[in-house]
Amino acid sequence: MKKSVLDYALRVRLPITIFVVLTSFAVTFYASKPEREGKGYSPEQPIKYSHKVHAGDMAIDCRYCHLTVEKGRHAGVPPTSTCMNCHTVARADQEQILKLTQFYKENTPIPWKRMHKVPEYAYFNHSAHVNKGMDCAHCHGDIREMEKVSQVQSFTMAACLDCHRNPEKKMPELAGKVKKGPTHCSACHR
């Protein structure tokens, strides 16, 4: 009797379990592929927002909106209330600001489409990079010049390793100021 239960588990359950695990991995990997490898990826957003106007022309520091970039893993998408600090008055009658105001009044988060993403199985910490003096533009491009944000770098393992192995090549202004980043698997795959 024991042999038949073990035999059943090995012949039926084990292959099904392996199939489910591999399928889950593949779905996660390919679902995030456009955000990782999609140079030029630029989905339509629910509100047209110009980084060129805000970060470029008006020189608003990235950290005003992306509050957690120096303190945590994620840069964070600003709450609607951050936008309303100015837009309760500034250009309040414009079409896109009226959409923004509606989200604010309904206390509903704006359903922004994610632009930059590493796979779920990879660990990335914005604060570890920003606090070493690395400019956001190295990975995100010159956001200050983008009317509509698009992805300018690949977010692949090869791209990260290239920077970790040769930071002075990617960021010559930091030559001698930053060490090479870790390249062992467990640094990112945790």
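A charge sits over a ring if NZ of Lys or CZ of Arg is within 6 Å of the ring centre and within 35 degrees of the ring normal. Arginine 190 meets this rule, lying over the face of tyrosine 123 at 3.9 Å from the ring centre. This is a predicted model, in which local features need pLDDT of at least 70 and side-chain atom pairs count only at pLDDT 80 or more, while totals for chains, interfaces and linings use all residues. Residues are numbered from 1 along each chain as its sequence is written, and side-chain values use heavy atoms, with hydrogens and water left out.

- Leucine 14 lies in helix H1, residues 2–31; helices are DSSP runs of H or I with at least four residues, numbered from the N terminus.
- Leucine 14 counts as partly exposed because its relative accessibility is 41%; buried means under 20% relative accessible area, exposed over 50%, and partly exposed in between (1.4 Å probe, protein chains only).
- Leu10, Leu14, Ile18 and Leu22 form a nonpolar patch on the surface, with about 380 Å² of accessible area together.
- Accessible areas come from the Shrake-Rupley method with a 1.4 Å probe, and for residues only the protein chains shown count as cover.

**Helix H5**

- Thr80, Thr82, Met84 and His87 are buried in H5.
- The buried residues of H5 pack against H3, helix H4 (62–65) and helix H6 (95–105).
- Threonine 82, in helix H5 (residues 80–87), has a relative accessible area of 11% and is therefore buried.
- Leaving aside neighbours within four places in sequence, threonine 82 is in contact (heavy atoms within 4.5 Å) with Tyr64 and Cys65.

**Loops**

- Proline 46 is in the loop between helix H2 (33–37) and helix H3 (51–57), and at 23% relative accessibility it counts as partly exposed.
- Not counting residues up to four places away in sequence, proline 46 touches Gln96, Lys99, Ile110, Pro111 and Trp112.
- The C-alpha atoms of proline 46 and leucine 100 are separated by 9.3 Å, although the two are 54 residues apart along the chain.
- Arginine 91, in the loop between H5 and H6, has a positive phi near 55 degrees.
- Asparagine 107, in the loop between H6 and helix H7 (126–130), also has a positive phi, near 55 degrees.
- Most residues other than glycine have a negative phi.
- Arginine 91 counts as exposed at 56% relative accessibility, and asparagine 107 counts as exposed at 71%.

How values were computed: Patches are made of residues with over 30% relative accessible area and no salt bridge: like charges are joined within 9 Å, nonpolar side chains (Val, Leu, Ile, Met, Phe, Trp, Tyr) within 5 Å. A salt bridge is a side-chain nitrogen of Lys or Arg within 4 Å of a carboxyl oxygen of Asp or Glu. Helices (H or I, at least four residues) and strands (E, at least two) are DSSP runs, numbered from the N terminus.
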